[in-house]
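Here is a short note for a colleague who wants to check the backbone, the packing and the chain contact. Please read it beside the model.

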Amino acid sequence: MDNNQSESILKVSDLCVQYGIFKAVKEVSFDVRKGEIFGLLGPNGAGKTSTLSAIEGLIEYQSGTVIVDGHNAKEKPLYARAAMGVQLQSTSFQPELKVSEILQLFAGIYGVKLTNEKLTAILKDISLEDAAGKRFGQLSGGQQQRVSLVISTIHNPRLVLLDEPTTGLDPQSRRQLWERIEAIRERGHAVVLTTHSMEEAESVCDRIGIIDHGKVITIDTPQALIEKHKNDPEVIAVSRKGRVTLEDVFIALTGKEVRA
Amino acid sequence: MEETIIPKTSTVLAALLKADFTTLWRNRRAVVMVFLVPIVILVSWKDLVAKMGAAFALSNSLTYGLIAIGLMGYTNSIARDRDKGIFQRLRVAPAPNWTIMMSRIFVQLSMIALVTTAIFVVGYDYDKITLTPTGYALTYLTAIVGGAVYLALGQVIVGLIKNPETVNSTSRLVYFTFVIVGMFGGMGMLGKQVEQMTQWSPYGTVKTIMAAGMVPGSWTMDTTNALLVTLGYTLVFAVIGIKNFKWNTK
(Lines give C-alpha, C1' and ligand atoms only; values in the text may rest on other atoms or scores of the structure.)
Protein backbone atom coordinates (compact mmCIF):
# COMPACT_ATOMS: atom_id res chain seq x y z
CA MET A 1 0.00 0.00 0.00
CA ASP A 2 1.47 3.39 -0.92
CA ASN A 3 1.45 6.56 1.16
CA ASN A 4 -1.54 7.86 -0.75
CA GLN A 5 -3.61 5.01 0.66
CA SER A 6 -2.45 5.26 4.26
CA GLU A 7 -4.75 8.19 5.07
CA SER A 8 -7.85 6.92 6.83
CA ILE A 9 -11.11 8.34 5.42
CA LEU A 10 -13.44 6.27 7.60
CA LYS A 11 -12.60 5.04 11.07
CA VAL A 12 -15.13 2.95 12.95
CA SER A 13 -14.19 2.05 16.52
CA ASP A 14 -16.05 -0.25 18.93
CA LEU A 15 -19.38 0.45 17.25
CA CYS A 16 -22.40 -1.01 19.06
CA VAL A 17 -25.97 -0.91 17.68
CA GLN A 18 -28.87 -2.26 19.66
CA TYR A 19 -32.58 -2.65 18.77
CA GLY A 20 -34.40 -3.10 22.08
CA ILE A 21 -32.58 -5.97 23.72
CA PHE A 22 -31.17 -7.31 20.43
CA LYS A 23 -27.53 -6.41 19.86
CA ALA A 24 -27.19 -6.11 16.07
CA VAL A 25 -23.63 -4.73 16.01
CA LYS A 26 -21.11 -5.61 18.71
CA GLU A 27 -17.93 -3.56 19.05
CA VAL A 28 -17.23 -3.43 15.34
CA SER A 29 -13.98 -1.70 14.37
CA PHE A 30 -12.40 -1.12 10.98
CA ASP A 31 -10.97 1.66 8.93
CA VAL A 32 -11.08 2.49 5.24
CA ARG A 33 -8.25 4.31 3.57
CA LYS A 34 -7.98 6.78 0.75
CA GLY A 35 -8.12 5.10 -2.66
CA GLU A 36 -9.42 1.84 -1.24
CA ILE A 37 -12.50 -0.28 -1.92
CA PHE A 38 -13.49 -2.01 1.28
CA GLY A 39 -16.07 -4.80 1.15
CA LEU A 40 -18.29 -5.61 4.09
CA LEU A 41 -19.45 -9.20 3.76
CA GLY A 42 -21.76 -11.27 5.89
CA PRO A 43 -24.81 -13.53 5.76
CA ASN A 44 -28.33 -12.07 6.02
CA GLY A 45 -28.85 -10.40 9.39
CA ALA A 46 -25.13 -10.36 10.18
CA GLY A 47 -25.15 -6.62 10.90
CA LYS A 48 -23.82 -5.17 7.63
CA THR A 49 -26.71 -2.82 6.92
CA SER A 50 -26.95 -1.83 10.61
CA THR A 51 -23.24 -0.94 10.57
CA LEU A 52 -23.67 1.04 7.36
CA SER A 53 -26.83 2.75 8.66
CA ALA A 54 -24.99 3.83 11.81
CA ILE A 55 -22.18 5.31 9.70
CA GLU A 56 -24.74 7.08 7.49
CA GLY A 57 -26.51 8.54 10.51
CA LEU A 58 -29.80 6.74 9.83
CA ILE A 59 -29.80 4.93 13.16
CA GLU A 60 -28.52 5.86 16.59
CA TYR A 61 -25.62 3.82 17.85
CA GLN A 62 -25.29 3.13 21.54
CA SER A 63 -21.51 3.35 21.80
CA GLY A 64 -18.36 3.60 19.76
CA THR A 65 -17.15 6.27 17.37
CA VAL A 66 -17.49 6.89 13.66
CA ILE A 67 -15.06 9.35 12.12
CA VAL A 68 -15.70 10.37 8.51
CA ASP A 69 -12.95 12.39 6.89
CA GLY A 70 -11.94 13.68 10.32
CA HIS A 71 -15.50 14.51 11.43
CA ASN A 72 -17.10 12.69 14.35
CA ALA A 73 -20.46 11.51 12.95
CA LYS A 74 -22.22 12.00 16.28
CA GLU A 75 -20.83 15.43 17.07
CA LYS A 76 -20.82 16.85 13.53
CA PRO A 77 -23.42 14.80 11.64
CA LEU A 78 -23.90 17.30 8.81
CA TYR A 79 -20.17 17.51 8.13
CA ALA A 80 -19.89 13.73 8.18
CA ARG A 81 -22.84 13.39 5.78
CA ALA A 82 -21.45 16.09 3.50
CA ALA A 83 -18.17 14.16 3.27
CA MET A 84 -19.87 10.95 2.20
CA GLY A 85 -22.02 9.79 -0.68
CA VAL A 86 -24.54 7.05 -0.07
CA GLN A 87 -26.38 4.55 -2.20
CA LEU A 88 -28.98 2.78 -0.10
CA GLN A 89 -30.06 -0.83 -0.59
CA SER A 90 -33.45 0.17 -1.96
CA THR A 91 -33.18 3.69 -3.25
CA SER A 92 -36.36 5.51 -4.12
CA PHE A 93 -37.04 9.00 -5.27
CA GLN A 94 -40.30 10.88 -5.65
CA PRO A 95 -41.97 8.98 -8.51
CA GLU A 96 -43.39 12.23 -9.89
CA LEU A 97 -39.92 13.70 -10.49
CA LYS A 98 -37.97 13.31 -13.72
CA VAL A 99 -34.35 12.11 -13.72
CA SER A 100 -33.04 15.64 -14.39
CA GLU A 101 -35.16 17.01 -11.53
CA ILE A 102 -33.88 14.36 -9.14
CA LEU A 103 -30.30 15.26 -10.06
CA GLN A 104 -31.06 18.94 -9.53
CA LEU A 105 -32.67 18.21 -6.15
CA PHE A 106 -29.65 16.36 -4.84
CA ALA A 107 -27.20 18.81 -6.37
CA GLY A 108 -29.03 21.52 -4.43
CA ILE A 109 -29.01 19.54 -1.19
CA TYR A 110 -25.25 18.92 -1.53
CA GLY A 111 -24.67 22.56 -2.50
CA VAL A 112 -23.43 21.73 -5.99
CA LYS A 113 -24.15 24.18 -8.78
CA LEU A 114 -25.59 22.16 -11.64
CA THR A 115 -25.74 23.98 -14.95
CA ASN A 116 -27.62 22.52 -17.90
CA GLU A 117 -24.29 21.71 -19.57
CA LYS A 118 -23.07 19.88 -16.48
CA LEU A 119 -26.36 18.02 -16.17
CA THR A 120 -26.12 16.90 -19.80
CA ALA A 121 -22.51 15.82 -19.28
CA ILE A 122 -23.46 13.76 -16.21
CA LEU A 123 -26.29 12.03 -18.07
CA LYS A 124 -24.03 11.41 -21.06
CA ASP A 125 -21.39 9.91 -18.79
CA ILE A 126 -23.89 7.33 -17.53
CA SER A 127 -25.32 6.80 -21.03
CA LEU A 128 -28.66 8.27 -20.07
CA GLU A 129 -28.67 11.46 -22.13
CA ASP A 130 -32.09 10.53 -23.55
CA ALA A 131 -33.55 9.78 -20.12
CA ALA A 132 -33.48 13.30 -18.64
CA GLY A 133 -37.22 13.66 -19.11
CA LYS A 134 -38.08 10.18 -17.89
CA ARG A 135 -39.33 9.42 -14.40
CA PHE A 136 -37.08 7.29 -12.20
CA GLY A 137 -39.62 4.44 -12.15
CA GLN A 138 -39.53 4.24 -15.95
CA LEU A 139 -35.82 3.32 -15.97
CA SER A 140 -34.50 -0.25 -16.01
CA GLY A 141 -32.79 -1.66 -12.92
CA GLY A 142 -29.33 -1.00 -14.34
CA GLN A 143 -30.25 2.55 -15.33
CA GLN A 144 -31.69 3.22 -11.87
CA GLN A 145 -28.48 1.98 -10.25
CA ARG A 146 -26.42 4.27 -12.49
CA VAL A 147 -28.56 7.25 -11.54
CA SER A 148 -28.32 6.33 -7.85
CA LEU A 149 -24.55 6.01 -8.07
CA VAL A 150 -24.13 9.30 -9.88
CA ILE A 151 -26.29 11.01 -7.25
CA SER A 152 -24.21 9.54 -4.45
CA THR A 153 -21.06 11.00 -6.04
CA ILE A 154 -22.52 14.27 -7.37
CA HIS A 155 -20.67 16.29 -4.69
CA ASN A 156 -17.37 14.46 -5.21
CA PRO A 157 -17.35 12.92 -1.71
CA ARG A 158 -14.23 11.49 -0.09
CA LEU A 159 -16.16 8.41 1.04
CA VAL A 160 -18.80 6.49 -0.90
CA LEU A 161 -21.02 3.93 0.83
CA LEU A 162 -22.78 1.42 -1.40
CA ASP A 163 -25.24 -1.04 0.09
CA GLU A 164 -25.52 -4.06 -2.21
CA PRO A 165 -25.18 -1.92 -5.36
CA THR A 166 -25.29 -4.75 -7.91
CA THR A 167 -28.19 -6.78 -6.54
CA GLY A 168 -30.58 -7.72 -9.33
CA LEU A 169 -28.37 -6.50 -12.16
CA ASP A 170 -27.50 -8.51 -15.27
CA PRO A 171 -23.79 -9.38 -15.81
CA GLN A 172 -23.27 -6.50 -18.26
CA SER A 173 -24.73 -3.89 -15.94
CA ARG A 174 -22.83 -5.37 -13.02
CA ARG A 175 -19.50 -5.20 -14.84
CA GLN A 176 -20.23 -1.63 -15.88
CA LEU A 177 -21.02 -0.69 -12.29
CA TRP A 178 -17.79 -2.30 -11.10
CA GLU A 179 -15.88 -0.11 -13.55
CA ARG A 180 -17.65 2.94 -12.18
CA ILE A 181 -16.82 1.95 -8.62
CA GLU A 182 -13.19 1.40 -9.60
CA ALA A 183 -13.17 4.83 -11.26
CA ILE A 184 -14.20 6.33 -7.91
CA ARG A 185 -11.17 4.63 -6.34
CA GLU A 186 -8.93 5.93 -9.13
CA ARG A 187 -9.95 9.46 -8.17
CA GLY A 188 -8.52 8.77 -4.70
CA HIS A 189 -11.81 8.32 -2.90
CA ALA A 190 -12.63 5.56 -0.47
CA VAL A 191 -15.48 3.14 -1.12
CA VAL A 192 -17.29 0.83 1.29
CA LEU A 193 -19.63 -1.67 -0.26
CA THR A 194 -21.69 -4.50 1.09
CA THR A 195 -22.37 -7.47 -1.11
CA HIS A 196 -23.49 -11.07 -1.10
CA SER A 197 -21.46 -11.75 -4.22
CA MET A 198 -18.08 -13.29 -3.43
CA GLU A 199 -17.13 -12.85 -7.07
CA GLU A 200 -17.76 -9.13 -6.69
CA ALA A 201 -15.79 -8.92 -3.46
CA GLU A 202 -12.86 -10.80 -4.99
CA SER A 203 -12.89 -8.76 -8.21
CA VAL A 204 -13.46 -5.28 -6.88
CA CYS A 205 -12.45 -5.02 -3.21
CA ASP A 206 -8.95 -4.25 -2.02
CA ARG A 207 -9.78 -5.47 1.46
CA ILE A 208 -12.79 -7.17 2.92
CA GLY A 209 -14.22 -7.48 6.39
CA ILE A 210 -16.39 -10.49 7.18
CA ILE A 211 -19.04 -9.74 9.74
CA ASP A 212 -21.31 -12.26 11.45
CA HIS A 213 -23.61 -12.12 14.47
CA GLY A 214 -22.75 -8.42 14.73
CA LYS A 215 -19.01 -8.99 15.06
CA VAL A 216 -16.12 -8.60 12.66
CA ILE A 217 -14.58 -12.06 12.23
CA THR A 218 -11.70 -11.08 9.99
CA ILE A 219 -10.33 -8.27 7.83
CA ASP A 220 -7.80 -8.76 5.05
CA THR A 221 -7.30 -8.72 1.30
CA PRO A 222 -9.30 -11.40 -0.55
CA GLN A 223 -6.11 -13.21 -1.60
CA ALA A 224 -4.61 -13.10 1.89
CA LEU A 225 -7.82 -14.55 3.33
CA ILE A 226 -7.77 -17.41 0.85
CA GLU A 227 -4.08 -18.04 1.55
CA LYS A 228 -4.61 -17.93 5.31
CA HIS A 229 -7.52 -20.37 5.34
CA LYS A 230 -6.96 -22.62 2.31
CA ASN A 231 -5.71 -25.51 4.41
CA ASP A 232 -8.37 -25.27 7.13
CA PRO A 233 -10.33 -28.55 7.25
CA GLU A 234 -13.64 -26.61 7.30
CA VAL A 235 -12.66 -24.75 4.14
CA ILE A 236 -11.57 -27.89 2.31
CA ALA A 237 -14.81 -29.60 3.38
CA VAL A 238 -16.98 -26.91 1.73
CA SER A 239 -14.77 -26.40 -1.33
CA ARG A 240 -16.58 -27.38 -4.55
CA LYS A 241 -14.36 -26.44 -7.47
CA GLY A 242 -11.16 -28.27 -6.65
CA ARG A 243 -9.58 -24.99 -5.61
CA VAL A 244 -10.33 -22.79 -2.61
CA THR A 245 -12.35 -19.67 -3.38
CA LEU A 246 -13.32 -16.69 -1.26
CA GLU A 247 -16.83 -18.16 -1.04
CA ASP A 248 -15.42 -21.35 0.50
CA VAL A 249 -13.58 -19.31 3.13
CA PHE A 250 -16.71 -17.23 3.76
CA ILE A 251 -18.94 -20.32 4.19
CA ALA A 252 -16.40 -21.97 6.46
CA LEU A 253 -16.10 -18.88 8.65
CA THR A 254 -19.80 -18.06 8.89
CA GLY A 255 -21.32 -21.55 8.78
CA LYS A 256 -23.42 -23.46 6.26
CA GLU A 257 -26.84 -22.86 7.76
CA VAL A 258 -29.22 -20.62 5.83
CA ARG A 259 -30.04 -17.31 7.59
CA ALA A 260 -33.44 -15.68 7.60
CA MET B 1 -7.12 17.22 4.27
CA GLU B 2 -9.68 18.93 2.05
CA GLU B 3 -12.22 21.14 3.75
CA THR B 4 -15.74 19.71 3.95
CA ILE B 5 -18.31 22.25 2.81
CA ILE B 6 -21.78 22.25 4.31
CA PRO B 7 -24.40 23.63 1.93
CA LYS B 8 -26.34 26.67 3.12
CA THR B 9 -29.68 25.83 4.75
CA SER B 10 -31.40 28.22 2.33
CA THR B 11 -29.92 26.30 -0.64
CA VAL B 12 -31.08 22.98 0.81
CA LEU B 13 -34.56 24.33 1.52
CA ALA B 14 -34.83 25.86 -1.95
CA ALA B 15 -33.96 22.50 -3.56
CA LEU B 16 -36.45 20.63 -1.38
CA LEU B 17 -39.21 23.19 -1.99
CA LYS B 18 -38.69 23.06 -5.75
CA ALA B 19 -38.98 19.26 -5.71
CA ASP B 20 -42.00 19.26 -3.38
CA PHE B 21 -43.88 21.88 -5.41
CA THR B 22 -43.10 19.94 -8.60
CA THR B 23 -44.48 16.80 -6.96
CA LEU B 24 -47.61 18.71 -5.95
CA TRP B 25 -48.05 20.04 -9.48
CA ARG B 26 -47.71 16.58 -10.99
CA ASN B 27 -50.42 15.39 -8.56
CA ARG B 28 -52.79 18.14 -9.60
CA ARG B 29 -55.69 15.76 -10.18
CA ALA B 30 -55.65 14.84 -6.49
CA VAL B 31 -55.24 18.52 -5.62
CA VAL B 32 -58.41 19.34 -7.56
CA MET B 33 -60.35 17.09 -5.17
CA VAL B 34 -59.11 19.14 -2.22
CA PHE B 35 -60.52 22.25 -3.89
CA LEU B 36 -63.69 20.60 -5.11
CA VAL B 37 -65.23 19.51 -1.80
CA PRO B 38 -65.34 22.95 -0.08
CA ILE B 39 -66.40 24.64 -3.33
CA VAL B 40 -69.25 22.19 -3.88
CA ILE B 41 -70.39 22.72 -0.28
CA LEU B 42 -70.24 26.51 -0.67
CA VAL B 43 -72.21 26.42 -3.90
CA SER B 44 -74.81 24.00 -2.54
CA TRP B 45 -75.32 26.15 0.56
CA LYS B 46 -76.36 29.19 -1.49
CA ASP B 47 -79.71 29.41 0.29
CA LEU B 48 -78.04 29.25 3.71
CA VAL B 49 -75.96 32.33 2.98
CA ALA B 50 -79.03 34.55 3.25
CA LYS B 51 -80.31 32.68 6.30
CA MET B 52 -77.13 32.03 8.35
CA GLY B 53 -74.80 34.68 6.93
CA ALA B 54 -71.83 34.67 4.58
CA ALA B 55 -69.32 34.01 7.36
CA PHE B 56 -71.16 30.80 8.27
CA ALA B 57 -71.04 29.41 4.73
CA LEU B 58 -67.47 30.51 4.02
CA SER B 59 -66.04 29.32 7.35
CA ASN B 60 -67.74 25.92 7.08
CA SER B 61 -66.64 25.21 3.54
CA LEU B 62 -63.14 26.49 4.23
CA THR B 63 -62.88 24.23 7.29
CA TYR B 64 -63.66 21.21 5.07
CA GLY B 65 -60.88 22.30 2.73
CA LEU B 66 -58.42 22.59 5.61
CA ILE B 67 -59.37 19.14 6.91
CA ALA B 68 -58.84 17.66 3.44
CA ILE B 69 -55.39 19.27 3.13
CA GLY B 70 -54.21 18.11 6.56
CA LEU B 71 -55.74 14.67 6.65
CA MET B 72 -55.68 13.60 3.03
CA GLY B 73 -52.88 15.55 1.32
CA TYR B 74 -50.19 15.88 3.95
CA THR B 75 -50.77 12.59 5.76
CA ASN B 76 -50.85 10.39 2.69
CA SER B 77 -47.83 12.02 1.04
CA ILE B 78 -45.75 11.55 4.20
CA ALA B 79 -46.90 7.92 4.61
CA ARG B 80 -46.13 7.08 0.97
CA ASP B 81 -42.69 8.70 0.88
CA ARG B 82 -41.72 7.12 4.18
CA ASP B 83 -42.76 3.70 2.93
CA LYS B 84 -40.80 4.12 -0.31
CA GLY B 85 -37.63 5.14 1.53
CA ILE B 86 -37.62 8.63 0.02
CA PHE B 87 -37.01 10.26 3.40
CA GLN B 88 -34.12 7.91 4.18
CA ARG B 89 -32.41 8.91 0.93
CA LEU B 90 -32.81 12.58 1.84
CA ARG B 91 -31.61 12.00 5.39
CA VAL B 92 -28.25 10.55 4.35
CA ALA B 93 -27.56 13.86 2.58
CA PRO B 94 -26.53 16.92 4.60
CA ALA B 95 -30.14 18.10 4.86
CA PRO B 96 -31.22 18.64 8.47
CA ASN B 97 -34.36 16.64 9.28
CA TRP B 98 -36.32 19.78 10.02
CA THR B 99 -35.73 21.14 6.51
CA ILE B 100 -37.28 18.01 4.98
CA MET B 101 -40.45 18.46 7.06
CA MET B 102 -40.46 22.25 6.80
CA SER B 103 -40.53 22.00 3.03
CA ARG B 104 -43.50 19.59 3.14
CA ILE B 105 -45.38 21.81 5.61
CA PHE B 106 -44.67 24.95 3.58
CA VAL B 107 -46.21 23.28 0.50
CA GLN B 108 -49.34 22.48 2.54
CA LEU B 109 -49.52 26.03 3.92
CA SER B 110 -49.40 27.30 0.35
CA MET B 111 -52.26 24.94 -0.45
CA ILE B 112 -54.21 26.45 2.47
CA ALA B 113 -53.66 29.94 1.06
CA LEU B 114 -54.76 28.76 -2.40
CA VAL B 115 -57.90 27.01 -1.12
CA THR B 116 -58.78 30.12 0.92
CA THR B 117 -58.37 32.27 -2.18
CA ALA B 118 -60.47 29.85 -4.25
CA ILE B 119 -63.25 29.97 -1.65
CA PHE B 120 -63.19 33.78 -1.68
CA VAL B 121 -63.34 33.84 -5.49
CA VAL B 122 -66.19 31.31 -5.69
CA GLY B 123 -68.00 32.99 -2.79
CA TYR B 124 -67.88 36.32 -4.62
CA ASP B 125 -68.62 34.93 -8.04
CA TYR B 126 -71.52 32.73 -6.99
CA ASP B 127 -72.99 34.38 -3.90
CA LYS B 128 -71.54 37.91 -4.21
CA ILE B 129 -69.91 37.48 -0.79
CA THR B 130 -67.42 40.22 0.03
CA LEU B 131 -65.40 40.93 3.16
CA THR B 132 -63.53 43.98 4.40
CA PRO B 133 -59.77 44.09 3.70
CA THR B 134 -59.18 43.30 7.41
CA GLY B 135 -61.63 40.42 7.09
CA TYR B 136 -59.70 38.95 4.16
CA ALA B 137 -56.36 39.36 5.93
CA LEU B 138 -57.64 37.87 9.20
CA THR B 139 -59.22 34.95 7.35
CA TYR B 140 -55.89 34.07 5.72
CA LEU B 141 -54.30 34.21 9.16
CA THR B 142 -56.98 32.12 10.87
CA ALA B 143 -56.94 29.64 7.97
CA ILE B 144 -53.21 29.12 8.56
CA VAL B 145 -53.81 28.69 12.32
CA GLY B 146 -56.74 26.36 11.64
CA GLY B 147 -54.89 24.43 8.95
CA ALA B 148 -52.07 23.82 11.44
CA VAL B 149 -54.47 21.82 13.65
CA TYR B 150 -55.26 19.41 10.84
CA LEU B 151 -51.64 19.15 9.73
CA ALA B 152 -50.76 18.30 13.34
CA LEU B 153 -53.62 15.79 13.46
CA GLY B 154 -52.28 14.27 10.24
CA GLN B 155 -48.88 14.10 11.93
CA VAL B 156 -50.49 12.12 14.78
CA ILE B 157 -51.85 9.61 12.26
CA VAL B 158 -48.48 9.10 10.51
CA GLY B 159 -46.78 9.10 13.90
CA LEU B 160 -48.91 6.30 15.29
CA ILE B 161 -49.49 4.26 12.12
CA LYS B 162 -46.71 3.07 9.82
CA ASN B 163 -48.51 1.16 7.07
CA PRO B 164 -49.43 3.61 4.26
CA GLU B 165 -52.68 1.81 3.40
CA THR B 166 -53.78 1.95 7.04
CA VAL B 167 -52.78 5.62 7.18
CA ASN B 168 -54.88 6.25 4.07
CA SER B 169 -57.98 4.49 5.39
CA THR B 170 -57.63 6.03 8.86
CA SER B 171 -57.26 9.55 7.48
CA ARG B 172 -60.33 9.03 5.26
CA LEU B 173 -62.31 7.76 8.23
CA VAL B 174 -61.30 10.72 10.38
CA TYR B 175 -62.01 13.09 7.46
CA PHE B 176 -65.54 11.81 6.91
CA THR B 177 -66.20 11.80 10.67
CA PHE B 178 -65.23 15.47 10.76
CA VAL B 179 -67.36 16.27 7.72
CA ILE B 180 -70.48 14.43 8.92
CA VAL B 181 -70.31 15.34 12.60
CA GLY B 182 -69.24 18.88 11.75
CA MET B 183 -72.02 19.40 9.25
CA PHE B 184 -74.91 17.81 11.12
CA GLY B 185 -73.65 18.12 14.68
CA GLY B 186 -72.67 21.74 14.24
CA MET B 187 -76.19 22.61 13.11
CA GLY B 188 -77.73 20.85 16.11
CA MET B 189 -79.24 18.03 14.04
CA LEU B 190 -77.63 15.39 16.28
CA GLY B 191 -78.79 16.89 19.59
CA LYS B 192 -77.68 19.65 21.90
CA GLN B 193 -74.86 17.65 23.47
CA VAL B 194 -73.24 16.77 20.13
CA GLU B 195 -73.65 20.38 19.02
CA GLN B 196 -71.75 21.58 22.09
CA MET B 197 -69.06 18.93 21.63
CA THR B 198 -68.72 19.86 17.96
CA GLN B 199 -68.37 23.52 18.90
CA TRP B 200 -65.27 22.78 20.99
CA SER B 201 -63.88 20.06 18.73
CA PRO B 202 -61.03 20.92 16.31
CA TYR B 203 -63.73 21.35 13.67
CA GLY B 204 -65.80 23.77 15.75
CA THR B 205 -63.00 25.93 17.12
CA VAL B 206 -61.43 26.37 13.68
CA LYS B 207 -64.79 27.26 12.18
CA THR B 208 -65.42 29.75 15.01
CA ILE B 209 -62.13 31.61 14.62
CA MET B 210 -62.48 31.74 10.85
CA ALA B 211 -66.04 33.04 11.00
CA ALA B 212 -64.93 35.73 13.44
CA GLY B 213 -61.88 36.50 11.33
CA MET B 214 -64.14 37.21 8.35
CA VAL B 215 -66.17 39.71 10.36
CA PRO B 216 -63.61 41.14 12.81
CA GLY B 217 -66.32 43.13 14.63
CA SER B 218 -67.94 39.88 15.76
CA TRP B 219 -64.83 38.70 17.64
CA THR B 220 -65.89 37.86 21.23
CA MET B 221 -64.41 36.25 24.32
CA ASP B 222 -65.71 32.91 23.02
CA THR B 223 -63.69 33.42 19.82
CA THR B 224 -60.55 34.10 21.85
CA ASN B 225 -61.22 30.91 23.83
CA ALA B 226 -61.73 29.02 20.55
CA LEU B 227 -58.39 30.40 19.31
CA LEU B 228 -56.63 29.26 22.50
CA VAL B 229 -58.24 25.82 22.29
CA THR B 230 -57.18 25.60 18.61
CA LEU B 231 -53.59 26.43 19.54
CA GLY B 232 -53.82 23.88 22.37
CA TYR B 233 -55.01 21.15 19.99
CA THR B 234 -52.19 22.00 17.58
CA LEU B 235 -49.57 21.81 20.32
CA VAL B 236 -50.84 18.51 21.75
CA PHE B 237 -51.25 16.88 18.31
CA ALA B 238 -47.84 18.13 17.15
CA VAL B 239 -46.07 16.82 20.25
CA ILE B 240 -47.74 13.38 19.97
CA GLY B 241 -47.18 13.25 16.21
CA ILE B 242 -43.54 14.34 16.24
CA LYS B 243 -42.63 12.24 19.29
CA ASN B 244 -43.98 9.04 17.74
CA PHE B 245 -42.86 9.73 14.18
CA LYS B 246 -40.38 7.30 12.61
CA TRP B 247 -38.56 8.10 9.39
CA ASN B 248 -38.85 4.57 8.10
CA THR B 249 -41.47 1.83 8.29
CA LYS B 250 -39.15 -0.91 9.60
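**Notes on the model**

1. A:Asp14 sits in strand 1 (residues 8-19) of chain A. Helices (H or I, at least four residues) and strands (E, at least two) are DSSP runs, numbered from the N terminus. Phi of A:Asp14 is near 50°, a positive value in a residue other than glycine. A:Asp14 is exposed, because 12 other C-beta atoms lie within 10 Å. The cut-offs: buried means 20 or more other C-beta atoms within 10 Å of a residue's own, exposed means 12 or fewer, and partly exposed is in between, with C-beta atoms placed from the backbone.

2. This is a predicted model: local features need pLDDT of at least 70, side-chain atom pairs count only at pLDDT 80 or more, and totals for chains, interfaces and linings use all residues. Residues are numbered from 1 along each chain as its sequence is written, while chains are lettered from A and ligands numbered from 1 in the order in which they are written.

3. A:Glu164 is not a glycine either, yet has a positive phi of about 45°. The residue lies in the loop between strand 7 (159-163) and helix 7 (171-186) of chain A. A:Glu164 is partly exposed, with 19 other C-beta atoms within 10 Å.

4. Chain A holds an open sheet of six strands, in the order 6-7-8-3-9-10, with mixed pairing. Strands pair if DSSP finds at least two bridges between them. Which strands stand at the edges? They are strand 6 (84-87) and strand 10 (215-220) of chain A; each has a single partner strand, so one side of each has no neighbour in the sheet. Neighbouring strands of this sheet are turned by 15° against each other on average, direction ignored.

5. Inside that sheet, strand 3 (residues 37-41) and strand 8 (residues 190-195) of chain A pair in the parallel sense over five bridges. A:Leu41 has A:Thr195 of strand 8 as its bridge partner.

6. Two helices lie across strands of chain A. Helix 2 (residues 48-56) of chain A covers strands 3, 6, 7, 8 and 9 (207-212), running at about 145° to strand 7 of chain A. Helix 7 of chain A lies across strands 3, 7 and 8, at about 150° to strand 8 of chain A. Axes are lines fitted to C-alpha atoms, for helices over the stretch in contact, and angles run from 0 to 180 degrees between N-to-C directions.

7. In chain B, the axes of helix 6 (residues 97-127) and helix 7 (residues 133-160) come within 10 Å and cross at roughly 135°. These two helices of chain B are therefore oblique to each other; angles under 35 degrees count as roughly parallel, over 145 as roughly antiparallel, 65 to 115 as roughly perpendicular and the rest as oblique. The residues in contact include B:Ile112 and B:Phe120 of helix 6 and B:Tyr140 and B:Gly147 of helix 7. By class, this contact of helix 6 with helix 7 of chain B has 10 nonpolar, four polar and no charged residues. Ala, Val, Leu, Ile, Met, Phe, Trp, Tyr, Cys and Pro count as nonpolar, Asp, Glu, Lys and Arg as charged, and the others, Gly among them, as polar.

8. Between the chains, 28 residues of chain A are in contact with 27 residues of chain B. Contact means C-beta atoms, placed from the backbone, within 7 Å. Helix 4 of chain A gives the most to the side of chain A that touches chain B, with five residues.
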